[in-house]
Amino acid sequence: MATQTAVATKDTPAPRTGTGTGTERTTAVAGGATGADQPAATRGRTSIADLVVVKVAGIAAREIPGVYDMGGGLSRTIGAVRDRVPGGRPNVGRGVKVEVGERQAAVDLDLVVEYGVPITDVSRDVRENVISAVERITGLEVVEVNITVNDVRLPEEEEESSAEARVE
């Protein structure tokens with residue numbers, strides 16, 4: 001059975017996301033014919049917003065042991081403040097940028113790794129997990145996952161931060 005793919009891209013104003021654009025892009029990855037004579041699975045279209053790919057990639061990257069945080073210094077600082085605000089939700093898209101085409105996606109990640117873990121091993125594991133998750137969940141082919149390690153989390157940093165949060 002031949003699969004028909006229809007692609008439609010729609011730009012609509014939306015709040016800023018981890019994609020680095022001021023608009024939310026939607027890519028139709030599957031579409032088909034209409035009518036009662038068509039199989040149920042091919043009636044209608046499926047559209048995937050870029051934000052979905054950002055979130056899937058962000059969650060997949062954070063699942064890997066050795067990844068302490070994601071994003072650049074300023075982004076992490078703002079994220080830490082946001083996480084402490086009552087009712088605030090963590091931003092799983094922080095440190096993730098995506099470029100989504102008709103059938104393919106490219107992902108850029110900014111990571112902070114824990115001291116002592118081999119960066120090349122963590123990068124390989126993150127890359128494999130992100131590609132697997134994005135391809136499995138969205139059906140898009142991931143052509144590349146570029147990783148930038150911005151910082152290393154030192155064990156001493158944890159001791160300093162716990163001393164500041166101490167209550168008398």
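Tutor: The axes of helix α1 (residues 50–62) and α3 come within 8 Å and cross at roughly 140 degrees; axes here are lines fitted to C-alpha atoms, for helices over the stretch in contact, with angles running from 0 to 180 degrees between N-to-C directions. That makes α1 and α3 oblique to each other, given that under 35 degrees counts as roughly parallel, over 145 as roughly antiparallel, 65 to 115 as roughly perpendicular, and the rest as oblique. The crossing of α1 past α3 is right-handed, meaning that the near helix is turned clockwise from the far one by less than a right angle. On the α1 side, the contact is made by Val 53, Val 56, Ala 57, Ala 60 and Ala 61. From α3 come Val 126, Asn 129, Val 130, Ala 133, Val 134, Ile 137 and Thr 138. Contact means heavy atoms within 4.5 Å.

Before going on, a word on the model. It is a predicted one, where local features need pLDDT of at least 70 and side-chain atom pairs count only at pLDDT 80 or more, while totals for chains, interfaces and linings use all residues. Residues are numbered from 1 along each chain as its sequence is written, and side-chain values use heavy atoms, with hydrogens and water left out.

Staying with α1, that helix also holds Lys 55. Lys 55 is partly exposed, at 42% relative accessibility (buried is under 20% relative accessible area, exposed over 50%, partly exposed in between, with a 1.4 Å probe and protein chains only). Its C-alpha lies 5.2 Å from that of Gly 93, although Lys 55 and Gly 93 are 38 residues apart in sequence.

Now zoom out. The protein chain has four helices and seven strands, in the order β-β-β-α-β-α-β-β-α-β-α; these are DSSP runs, helices being H or I of at least four residues and strands E of at least two, numbered from the N terminus. Of its 168 residues, 30% count as buried.

How far can you trust each part? The mean pLDDT (the predictor's confidence in each residue, from 0 to 100) is 78 for the chain, and 64% of residues reach 70 or more.
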